[in-house]
Amino acid sequence: MRLTIPGERFMAAAPTTSDQPQVRGVFDCDEAHRSPLRSDYERIFDSGLVVLDTNVLLNLYRSNESTRRDTLAALARLRERLWVPHQVLTEFWRNRESPTVRHHHATKANEASAALDKAVNAARTVVTTWLNAVQLKDNEEAVERTDRDLTELAEAAGSLKKFIRAQAECDALKETGTTHTDPVLKALEPLLHGRVGEPLPSDEYDKAVKEAQERADEGIPPGYEDFRTKEPELAAGDYLVWVQLMAEARHRGCDVLLVTGDVKKDWWTNRGYDIPPRPRAELLQELREQAGVGLYMLTPSELLRWAKELLELNVDEGSVRDLEQLGEASADKVSEDEAWTAESLAAFMDELMRRYPSRVKAIVAAAANGGFVDRETVYELASYDETRRLRGFTQPIGTLSRDLQATGVLTGGEPFLLTTVYGHATDPSWAKGFRIPSGVIPLLRSKYEGGDLWQTRDSGEAGSEPSDRG
């Protein structure tokens, strides 16, 4: 598969002869995008390819009963058009057991209850501080009044917590503990039977993961946003979905509607309240070049709206709002400016040193040399034999990240700490070295500078990726 390079122009127009120049119009531009029409969605619902992203399937666990029923009804009506990339299925099973998926309602109830407790405790602290500041801590009337109101506040919070937990119990999906009783799986199995793509062969998979990293470095959609916070193989998921989607579109030769709750900017053009949803122009052009077909995109809530109108389904407006809110929650999470703190980084590095000291050495070496450590230095620091490969060197970073997220040490929004840079002079498929986020360099400097691990080298300018040594 050809890698798209920034600035490269796509030529999708019909060929012309030298004596018959092409007649262009206002839409003959790579950045141009016609707003989708009702007839476009009618055509795709009738004869196109409707591709489901992972979040569409996982939302069946997060939704309430009404929303789940309406979503499944819409998918059932589109059954002959549905197709799921194998990567989507992989991600579905990987994430299904997450507390934020199968136990979504209980998790959200616990979060809300904890926030209420925190608010009550904060109110007590504020009032106590005020009483002390204005010399009323020994005033019986003032203390009695504030205690009474704070008690009422705590009781109100307790009543709210009971309601929240009762609602979570009502909305929770039952019998998901085993696969043969899980109602979501029982609905999806016949719906998607024969409509799931094949996995990529191992060599093509490795090539696609490497391409995803290279595209992310250049800001080429889709998926480059995930490389901020995930280990490379997981971060490559969006691009793997895209590769499989393009191959299937090329095979079928029909327009594609991708239904996804992923609203990050590496999939969508900026969306406005009065602007119909539209994919990134680069994705439109790449699919047109690779498969000769058009690309359309809808969120799950937008799919329900169109299913209600075009398929004449009795869709509850509350189902649409439910999916919109799930999407908004996802967007809010994406927009948070998460970063490593001195405390979280110190906890991570100390535990990493206990488990995988060679990775700590590589990270600190990168920090001491502008953010990059080359392949040869890693071999030297880790005392690796020259026959050993570096494939999987960053996997322990992802493993430890997930472990510390489960215990609350990390939020899950921190940038991935060690990213592979490919393109070694001997073999381009080898790692050239590894890069760390620039934002952690000052934190690592504060923790390690002056110690044995902090060693600057003369392999290149600070922040650069030095040429490979022979």
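## Close-up views of a predicted chain

**Overview of the chain.** The secondary structure of the chain comes to 18 helices and 7 strands, where helices (H or I, at least four residues) and strands (E, at least two) are DSSP runs numbered from the N terminus. The model is predicted, so that local features need pLDDT of at least 70 and side-chain atom pairs count only at pLDDT 80 or more, whereas totals for chains, interfaces and linings use all residues. Residues are numbered from 1 along each chain as its sequence is written, and side-chain values use heavy atoms, with hydrogens and water left out. Of the 470 residues in the chain, 45% are buried; buried means under 20% relative accessible area, exposed over 50%, and partly exposed in between, with a 1.4 Å probe and protein chains only. Among contacts (heavy atoms within 4.5 Å) with a separation of 6 or more, 73% come from residues 24 or more positions apart.

**View 1. The open sheet of β5, β7 and β6.** The 3 strands of this open sheet have the order β5-β7-β6, with antiparallel pairing; two strands pair if DSSP finds at least two bridges between them. Because β5 (372–374) and β6 (419–422) stand at the edges, each with a single partner strand, one side of each is left without a neighbour in the sheet. Neighbouring strands of this sheet are turned by 30 degrees against each other on average, direction ignored. Strand β7 (residues 431–435) runs antiparallel to β5 and is joined to β5 by 3 bridges, and the bridge partner of D374 in β7 is G433. Helix α16 (residues 375–382) packs on the sheet, where α16 touches β5 and β7, and its direction makes about 75 degrees with that of β5; axes are lines fitted to C-alpha atoms, for helices over the stretch in contact, and angles run from 0 to 180 degrees between N-to-C directions.

**View 2. Strand β3 between its parallel partners.** Strand β1 (residues 49–52) and β3 run parallel and are joined by 4 bridges, with V51 standing opposite L258 in β3. β3 also pairs with strand β4 (residues 295–298) in the parallel sense, over 4 bridges, and here L257 stands opposite Y296 in β4. From β3 (residues 256–259), V256 and L258 point one way and L257 and V259 the other way, and all are buried.

**View 3. Packing of α2 against α4.** Two packed helices are described by the angle between their axes and the distance between the axes. Helix α2 (residues 54–62) packs with helix α4 (residues 86–95) at an angle of about 30 degrees, their axes being 9 Å apart. The crossing in which α2 passes α4 is right-handed, a term used if the near helix is turned clockwise from the far one by less than a right angle, and left-handed if anticlockwise. In the contact, T54, L57, L58 and Y61 of α2 meet V88, E91, F92 and N95 of α4. By class, this contact of α2 with α4 has 5 nonpolar, 2 polar and 1 charged residues, where Ala, Val, Leu, Ile, Met, Phe, Trp, Tyr, Cys and Pro count as nonpolar, Asp, Glu, Lys and Arg as charged, and the others, Gly among them, as polar.

**View 4. Helix α10 and the residue that follows.** The 16 residues of helix α10 (residues 237–252) should span 22 Å at 1.5 Å a residue, and the end C-alpha atoms are 23 Å apart, which agrees; the expected span is 1.5 Å times one less than the number of residues. α10 is mostly covered, as 12 of its 16 residues are buried, including W242, M246 and E248. Just after α10, G253 takes a positive phi of about 70 degrees.

View 5. P232 is found in helix α9 (residues 232–235) and, at 9% relative accessibility, counts as buried. Not counting residues up to four places away in sequence, P232 touches V209, Q213, F227, T394, F416 and T420. The C-alpha atoms of P232 and Q395 are separated by 8.4 Å, although these residues are 163 residues apart along the chain.

View 6. Most residues other than glycine have a negative phi, and most peptide bonds are trans. In the loop between α8 (202–218) and α9, which holds P222, the peptide bond from P221 to P222 is cis, with omega near 0 degrees. Q135, in the loop between α5 and α6 (140–171), has a positive phi of about 55 degrees although it is not a glycine, and counts as exposed at 64% relative accessibility. E312, in the loop between α12 (300–310) and α13 (317–335), likewise is not a glycine and has a positive phi of about 55 degrees; E312 counts as exposed at 71% relative accessibility.
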